[in-house]
Amino acid sequence: MLPYFDQSIDEEFPHFASGSDKVDSYFELQPVVLKYSWHRSPFKHPFWVILSAISFRYLIDHRCYRRTMAKVAGVIFDVDGTLAETEEAHRRAFNETFEHFKVQWFWDQHTYKRLLGVTGGKERIKFYANEVRTPLSDTDIAELHEYKTKRYEQLIAEGQISLRPGVERLINEALESRVKLLVATTTNYPNVVALLDATLGSGSIDLFDVVAAGDVVPRKKPSPDVYFKALQEVSLDPKECFAIEDSRNGLIAAVSAGISTVITPSSYTADERFSEAISVVDHLGTPDRPCTGIQGIFPKNGIVSISWLSEIIV
Ligand code: XBP
Ligand code: MG
């Protein structure tokens, strides 16, 4: 047995204490281990230092594994309504497009809420065109949608939309814990880039390991296909991931792909049914602004964190 394997270790190095909440990431411990090894190694000889480091790594693996190693391997974010309240910007972009092309349509909030049941902008335009008996060709729809996407990007670039509480925190935690970050959305890829650029900074799309967006699959949510596509890209098992969604369509898509889902309802989806979700909270929570549980289980400290997701993953 190593000489420094004593009782006082928990007081002296609280990071190592079994069940300690102080440890968020296994990787955070490495500098502490080395420091400890250096102080305790009898002759400061490299052999003892290395041996100490290896021994402590073994110790940590066995004593702290459950608390430190994130069991969740991937967090998959929906975009609209989940990362940010973007649907009003989409609605404005649609209406300005109709005006530009002199289409006599206007989607008020009530109409738009109903139309959100049809996921995807092109699909939504097509559905409405048929509803008002003004069928449009696919080429016309593509032209309208292209303009709408440009307008949406401009609106987002104005910087008036911020990420919902806790989103940036959870993204940072995932990065620190080496948990993969994925996006699965029905919205267009340029819209995702625009939102992330405006909120997290230019090029922040690269923080994500995979972004499955828009027409990457032919069948949009509530089909699980976009989730399957995202998982497949990074070879993750649905059982080791969590989806963060805001809508019933998104929830059905994620759950149908076998992924446990946390719902943060958005302004347009607050009255939808989320009985299949593992947790429904008003937002992801921050230390300054803890979340409130609405349905299912929720974190006691009001923060949907990587360690909480790792605890509840089944
Ligand atoms: C929400 C949507 C999207 C947007 C419009 O997507 O239904 O269709 O309203 O986006 P999600 P596009 O919640 O999956 O992010 O016009 O680019 O399709
Ligand atoms: Mg959504």
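Of the 314 residues of the chain, 40% are buried; a residue counts as buried if 20 or more other C-beta atoms lie within 10 Å of its own, as exposed if 12 or fewer do, and as partly exposed in between, with C-beta atoms placed from the backbone. The model is predicted: local features need pLDDT of at least 70 and side-chain atom pairs count only at pLDDT 80 or more, while totals for chains, interfaces and linings use all residues. Residues are numbered from 1 along each chain as its sequence is written, with chains lettered from A and ligands numbered from 1 in the order in which they are written.

The chain has 13 helices and 7 strands, where helices (H or I, at least four residues) and strands (E, at least two) are DSSP runs numbered from the N terminus. Two residues are in contact if their C-beta atoms, placed from the backbone, lie within 7 Å. Among contacts between residues at least 6 apart in sequence, 59% join residues at least 24 apart.

The largest nonpolar core contains 59 residues, and Val75, Ile76, Val183 and Tyr227 have the most contacts inside it. Such a core is a set of buried Ala, Val, Leu, Ile, Met, Phe, Trp, Tyr and Cys residues joined through C-beta atoms within 7 Å. Helix 10 (residues 189-200) supplies the largest share of this core, 5 residues. The core lies between domain 2 (74-85 + 164-312) and domain 3 (87-157), because both give residues to it; the bounds come from an automatic or database domain assignment. Beyond its neighbours within four places in sequence, Ile76 contacts Leu182, Ala184, Tyr227, Ala230, Cys241, Ala243 and Ile259.

In helix 10, the buried residues are Asn191, Val192, Ala194, Leu195, Leu196 and Ala198. They pack against the elements tabulated here.

| Element packed against by helix 10 | Residues |
|---|---|
| Helix 8 | 138-157 |
| Strand 2 | 180-185 |
| Strand 3 | 210-213 |

Just after helix 10, Gly201 has a positive phi of about 110°.

Around ligand 1 there are 20 residues, of which Val79, Asp80, Gly121, Thr185 and Asn188 come nearest; a residue is near a molecule if its C-beta atom, placed from the backbone, lies within 6 Å of it. Domain 2 and domain 3 each give at least three residues to this shell.

Val103 sits in the loop between helix 5 (87-100) and helix 6 (109-115). Val103 is partly exposed, because 18 other C-beta atoms lie within 10 Å. Its C-alpha atom is separated by 9.9 Å from that of Leu144, 41 residues apart along the chain.
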